[in-house]
Amino acid sequence: MLTLLHLLSAVALLVWGTHIVRTGIMRVYGANLRRVLSNSVEKKPLAFASGIGVTALVQSSNATALLVTSFVAQGLVGLAPALVIMLGADVGTALMARVLTFDLSWLSPLLIFVGVIFFLSRKQTRAGQMGRVSIGLGLIVLALELIVAAATPITQAAGVKVLFSSLTGDVMLDALTGALFAIISYSSLAAVLLTATLTASGVISLKVALCLVIGANLGSGLLATINTSGQNAAGRRVALGSLLFKLLGSALVLPFVSYLADAMEKLPVQGEELVIYFHVFYNLIRCLIFIPLAAPMARLCQMLITDAPEDDPRLRPRHLDSSALDTPSLALANAARETLRMGDVVEHMLILHHEVLHGKLGQDKEVRRLDDDVDVLYTAIKLYLAQIQKEDLGEEDSRRWAEIIEMALNLEQAGDIIERMTGDVAAKSHGARRAFSPEGLTELDTLHDRLVTNLRLSLSVFLSGDLTSAKRLRRSKHRFRILDRRYAHAHVDRLHQQNVQSMETSSLHLGLLGDMKRLNSLFCAVAYNVLDQDQRDDERDWEDTPSTL
């Protein structure tokens, strides 16, 4: 019982070490990894190489699968290139198995020792996060050693030897056992290393070992399918395509395992090395054969997994990828992109409000629906940002976090104001059959055009943080306020002139002017964040400048 507990704890340590490496690498190189994967999709060799490289960095094909499926789910990577990247990931994890068969007992304590020093002393810096990666790598190496050490006594038990002796004839049973090993250990890498150890100790024959290796690869595909079960259809297609490739590879090679084992036993190489080399070359040859079939496999997966019909007509978040929460810079970029979608919806509401202003009845219902969409996106962004660990954020990321939540809040308030404005126009003007004066309608049109322009400029400033655009937005705010005040005075002058239309719509007209001024203030607030930060940077530079006195 104690031996089994040691084995389970070693597996848990392997899972935790893989998680630490993945999150550490993503926090340091997350944006670069996204760019590498996105830029490599044009050519299959580059996509294949990027899958190998990313897997070597994150030390797990399962981690690479999570990254790729999240990118596909967001529409950043196509399905066919993603399947090529996954084939490269299979080769990458096979190469890592070869590296880890060397005597690395000295490496684990060194990596953990160095990693702890860097992580505790410089936690918020790039060096601190690389220390985190070093700790994870040390834990992975240690966990693999512990898995082999804990499994060895189990394999020597009489009952277990009888169990393994039953794996000498049925290749399908042997392969399924290997898949089960990979799922239980949460790593095809650990299953392959354990198989190599069993072969070296003579517990299993080389033929059984080869079947277990093939099954371990199949088990990694099942793990990826399980891990992506909660994603949308696009993400699940990647895991399904990878699994089908592994099933095809298994079906092609299993009938010839006996011949391969007989041929390999004649080689002047130890049994343990034969298992590792078979793992490498099996994945390499299989993946090279299947690369040209990525596009047909993508079409098949699209047929097997169709997009679910959208029962809820409300807008849904598109960019809030939960797998990016471990990488604050990526998570903030996702939240910013979703906030820009909010801005697009608010702009559409403004355009529909303008149509209602000119007598197109019925558009007020669409405005109310769009305001519900704005509320849905705001709530999703708010909850998404709340999941980011703020203690892991540096100064710049903390400032960006605050800018995003403030911009989302301003857009949500703007949506409420536009909905109320549109409802007032529909009820008080068209409902009572009252029309604005031609002069008043022209003034409202002018302010509306300026509002749309300032909204677009504010979204540009929010995205880029450009100082010149921020100054331009601030000037536009002041001009809008001056123009709004002038139009209010002009309306009062028309009241003095006993303009009937102006008198009938006076309260509505002045209310719209006030609402538009509030909308303009909400849109232009982002400019002051950029200007204030520039002023703080100037003050800091001034303080850092040595005095010449």
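Q: The expected span of a helix is 1.5 Å times one less than its number of residues; how far does helix α15 reach from its first C-alpha to its last?
A: This is a predicted model, in which local features need pLDDT of at least 70, side-chain atom pairs count only at pLDDT 80 or more, and totals for chains, interfaces and linings use all residues. Residues are numbered from 1 along each chain as its sequence is written, and side-chain values use heavy atoms, without hydrogens and water. Helix α15 covers residues 328–357, 30 residues in all, with 44 Å expected at 1.5 Å a residue. Its reach is close to that, at 43 Å.

Q: How many of the 30 residues of α15 are buried?
A: Buried means under 20% relative accessible area (1.4 Å probe, protein chains only). α15 is mostly covered. The number of its buried residues is 22.

Q: Which residue just after α15 takes a positive phi?
A: The phi in question is about 95°. The residue that takes it just after α15 is Gly359.

Q: At what angle do helices α10 and α13 pack?
A: Helix α10 spans residues 206–227 and helix α13 residues 271–290, with their axes (lines fitted to C-alpha atoms over the stretch in contact) 10 Å apart. α10 is oblique to α13, and the angle is about 40°.

Q: Which residues does Ser250 touch, not counting residues up to four places away in sequence?
A: Ser250 lies in helix α11, residues 233–253. Ser250 is buried, with a relative accessible area of 6%. With contact taken as heavy atoms within 4.5 Å, the residues touched by Ser250 are Ile214, Pro255 and Tyr282.

Notes
Axes fitted to C-alpha atoms, helices over the stretch in contact; angles between N-to-C directions. Helix = DSSP H or I, 4+ residues; strand = E, 2+ residues; numbered from the N terminus. Parallel < 35°, antiparallel > 145°, perpendicular 65-115°, else oblique. Buried < 20%, exposed > 50% of the residue type's maximum accessible area, 1.4 Å probe, protein only. Expected span 1.5 Å × (residues − 1).
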